[in-house]
Amino acid sequence: FELLVDETNEMSWVLMVGIGDCAPAGGSGQQYFVGTFDGQTFTNENEKDMVLWADYGADFYAGQSWSDEPQGKHIWAGWLNNWKYAQSIPTSSWRGALTLPRDLGLTQTPQGIRLTQQPISLESLRTESWHWENTTITETNNLLENISGKTFEILLEFQVDAMLNRVGLNLRVGDGTKTTLGYGIKAKQLFFGRAESGETNFSKDFSLNHIAPLLPQNDTIKLHIILDRASVEVFANDGLVVMTEQIFPVDNATGLELFVDGGDVVFK
């Protein structure tokens, strides 16, 4: 399909390829290529050994897109599962789900043209909300300790300090379990850990940690997180890097925790 490159009048074509194994988080995943298409032949504009990934999480595969959306958007959704363990996940009557529909775009980066994905608006589903601005978090200050629930939309923006080690969130905390999402300052990587997320013993592949390369933009990291009852979808830096993951937490794990290692962090 063809997309407008952000802040230009140029169009580029995107070729999507779903693969059954060897994705960044192991197992199945979704590659993409950017180039030109004359109706018969697609020509890749990047070096032939450069592989771009639509999603660095373990659970995004077989993305299906559709066009002619009334507002001119190009939308897609993927299968929120992985063939490494798709038939052994601890669920009944269903195997995986569809991701949220996502609005696709292209943007010019110093590394080249890259895909962006933004979740469709969930504003109509919001009920209770909390908001903070320019708040400093220390290693012992959990701003979210009095907030609990099983589903959240979280918009998070923080300033990167080279002295810090890690900044992030623990999701679905309780009964000795948690799902960890964070950013490694020195490694410049987004990371996702579900080894303690709840039920994991159905597959040795499920508990592995996953990472995604993520450079700060203007010394800032922005995260848009959709936490559902059995999934986490993470859109970093306006959807430039995405991670999609299943989780199977215990029912009473409803807490949230902010964490910072190595100093203080300013949440914008």
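Guide: A term is needed at the outset: a residue counts as buried when its relative accessible area is under 20%. By that criterion, 50% of the 268 residues of the protein chain are buried. Please note that this is a predicted model.

Visitor: How many helices and strands are there in the protein chain?
Guide: The protein chain has 0 helices and 20 strands.

Visitor: And what is the radius of gyration of the protein chain?
Guide: The value is 19 Å; a compact globule with 268 residues would have a radius of gyration near 18 Å, so the two agree. Along the principal axes, the C-alpha atoms occupy a box of roughly 55 × 45 × 40 Å.

Visitor: What about the surface, and how much of it do carbon and sulfur atoms supply?
Guide: The protein chain exposes about 13700 Å², and carbon and sulfur atoms supply 47% of that area.

Visitor: Now the sheets. In what order do the strands of the 4-stranded open sheet come?
Guide: The order is β6-β7-β8-β9, with antiparallel pairing. β6 (61–66) and β9 (112–119) are the edge strands, each pairing on one side only. From one strand to the next, the twist averages 40 degrees.

Visitor: How many bridges are there between β7 and β8?
Guide: Strand β7 (residues 75–79) pairs with strand β8 (residues 102–109) over 2 bridges, in the antiparallel sense. Within this part of the sheet, Trp 76 stands opposite Arg 102 in β8.

Visitor: Which strands form the open sheet of 5 strands?
Guide: That sheet runs β15-β14-β13-β12-β19, and its pairing is antiparallel. Its edge strands, β15 (210–213) and β19 (255–261), each pair on one side only. Neighbouring strands here are turned against each other by 15 degrees on average, direction ignored.

Visitor: What joins β13 to β14?
Guide: Strand β13 (residues 177–184) and strand β14 (residues 189–193) run antiparallel and are joined by 5 bridges. Thr 180 has Gly 193 in β14 as its bridge partner.

Visitor: A change of topic: where is Asp 228 placed, and what does it touch?
Guide: Asp 228 lies in strand β16 (residues 220–228). Leaving aside residues up to four places away in sequence, Asp 228 touches Lys 150, Thr 151 and Arg 172. The C-alpha atoms of Asp 228 and Thr 151 are 4.7 Å apart, although the two residues are separated by 77 residues in sequence.

Visitor: Why is Asp 228 classed as partly exposed?
Guide: Its relative accessible area is 37%; partly exposed covers values between the 20% limit for buried and the 50% limit for exposed.

Technical notes. Residues numbered from 1 in each chain as written. Predicted model: local features only at pLDDT ≥ 70, side-chain atom pairs only at ≥ 80, totals over all residues. Heavy atoms only, no water. Pairing = 2+ DSSP bridges. Axes fitted to C-alpha atoms, helices over the stretch in contact; angles between N-to-C directions. Buried < 20%, exposed > 50% of the residue type's maximum accessible area, 1.4 Å probe, protein only. Contact = heavy atoms within 4.5 Å. Rg over C-alpha atoms; globule rule 2.2 N^0.38 Å. Areas by Shrake-Rupley, 256 points an atom, 1.4 Å probe, with all protein chains shown as cover.
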